[in-house]
Amino acid sequence: MSFEFSNKYLKQLSRAVEQEENEYIINEFDGMHSADISTVMEGLSAEDCKYILELLNPSVGADVISEIEDDTRNNFLTLFTPQELSKYMDNTDSDDAADILNDMPVKVREEVLANMNNNEKVQYIIDLLHYEEDCAGGLMAKELVKANINWNVSQCIEEVRRQGQNVDKIYTVYVVDDHDILLGRISMKKLLIANDLTKVADLYEPEIAKVYSYLDEEEVADIMQHYDLEVIPVINVQGRLLGRITIDDVVDVITEQAEKDQQAMSGLSEDVEETDSLIAMARARLPWLIVGMSGGLLGANFLGGFEEELSRIPAMAFFIPLITATGGNVGIQSSTIVVQSLASGGFQGSAMNRYLRVLVIAILNGLTLAALVYGFNMVFSDNHQLAIVVSFALFSVIMIASFMGTITPLVLSKFGINPALASGPFITTCNDLIGLGVYFMVAKAMLH
């Protein structure tokens, strides 16, 4: 069902809740995708969200709770009793249920688990609560379909039918031994076209991508991206099959990481959202603003040391913005490319080859821009010596800024610091100061 999401629509829904127009509300959400319902919930009060959710089928309500943003969800779930929450957790995938319950007080969490009817899912959730949120174990769901290597195809298909009742999407059947050690996988196509008496041992593929439960979520995302996987099994250190991670969970990780990198590149020191408090927003922006301001003060103080040169040749001041802006842009371009390569795992090959490429690119860009600036000065100015100084200084700044933009994210990554910081105010401020220093040192040496 398509709908127009607007303030008018939200007011109409709130009025329907206030007047208890249940039939209208049910009809309005009938057939609507859970993601769209969760979007509507974001604009309603917690009380209205609870009222609407109770009118929906528990399975639909469970999907909506899983889709909705954490802050909104935590607000309106406090209005539910543990008994009311348990019916939604019974209909929620184990990984999503574990994430939701992790945000609740321990007492509430235990009461919800105690009131759930699906004992198998309860055990799944308890198992998942032991894992950190940002590792493979925290991402995985326990629901999957597996087959014993000693079964034949007929037995396997019967088990797929039985186990598949608790699995939303069956991507593959995992093959295990009597101790649940993961041995490989068997595709649904191969299973369906095989003879009923054929052994699973004769059909399964032993080569399979898998991850350990302790692996960091970003490494999991990299593996699934690299091999273009929709699902990947999770094992423990003994090789025992624990669960699976599906592509929808990995997309969330990729999106979250991209948002963090974007915020780091723009100079935000904390992970903030538009709905956060004004204090939190200001606190996240202030540190790098102070760094930028400090760099500006240092630059101004630095210029004071060359007051005599500026008074003798005032035209030098005209090119200060050109030098600083070009150095900052070159540094950001170089660091952005390196950060993207580090994030995608594409930063390969020998270090010497990488640095040679950076050097050649910097030389080409430096010579081109220096020639353009020299030509501009020769057309609009008769100071041939100043034109040479500005062009040579610009070339030098481009070379240094390119090197700084390449090496800084690599150094930050080596020390476990987010390399995206190198694409923001940090690299810009450093290159501004370096650019000014190079410009005036070249000028002092050549115009002495």
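This is a predicted model: local features need pLDDT of at least 70, side-chain atom pairs count only at pLDDT 80 or more; totals for chains, interfaces and linings use all residues.
Figure 1. Leaving aside residues up to four places away in sequence, Ser 38 touches Val 64, Glu 67 and Ile 68. Ser 38 belongs to helix H3, which covers residues 34-42. Its relative accessibility is 6%, so Ser 38 counts as buried, the cut-off for that class being under 20%. The side chain of Ser 38 also reaches the backbone oxygen of Ala 35, at 2.6 Å.

**Figure 2. Helix H14 and its two ends, residues 217-226.** At the start of H14, a side-chain oxygen of Asp 216 comes to within 2.9 Å of the backbone nitrogen of Glu 218. The buried residues of H14 are Glu 217, Val 220, Ala 221 and Met 224. Seen down the helix axis, these buried residues fall within an arc of 100°, so they line one face of H14. An α-helix has 3.6 residues a turn, so residues three or four places apart point the same way. After H14 comes Asp 228, which has a positive phi, near 55°.

**Figure 3. The open sheet E4-E5-E6.** Three strands make up this sheet, in the order E4-E5-E6, and their pairing is mixed. Strand E4 (211-212) and strand E6 (241-246) are the edge strands, each pairing on one side only. E4 and strand E5 (residues 231-235) run parallel and are joined by two bridges. Tyr 212 stands opposite Ile 235 in E5. Strands of a sheet pair through backbone hydrogen bonds, either parallel or antiparallel.

**Figure 4. The largest nonpolar core.** This core has 51 residues, and those with the most contacts inside it are Phe 29, Leu 53 and Ile 245. Helix H1 (residues 7-18) gives the most to the core, with five residues.

**Figure 5. Contacts of Ile 245.** Ile 245 is one of the residues with the most contacts inside the largest nonpolar core. With residues up to four places away in sequence not counted, Ile 245 touches Ala 136, Leu 139, Met 140, Val 211, Val 220, Met 224, Glu 230, Val 231, Ile 232, Val 234 and Val 250. Val 220 and Met 224, both in this list, are also among the buried residues of H14.

Definitions and conventions. Residues are numbered from 1 along each chain as its sequence is written. Side-chain values use heavy atoms; hydrogens and water are left out. Buried means under 20% relative accessible area, exposed over 50%, partly exposed in between (1.4 Å probe, protein chains only). Helices (H or I, at least four residues) and strands (E, at least two) are DSSP runs, numbered from the N terminus. The arc is that of the directions from the helix axis to the C-beta atoms. A polar contact is a pair of N or O atoms within 3.5 Å; within protein, one must be able to donate a hydrogen and the other to accept it, and residues adjacent in sequence count only if both atoms are side-chain atoms. A nonpolar core is a set of buried Ala, Val, Leu, Ile, Met, Phe, Trp, Tyr and Cys residues joined through side-chain atoms within 4.5 Å. Contact means heavy atoms within 4.5 Å. Two strands pair if DSSP finds at least two bridges between them.
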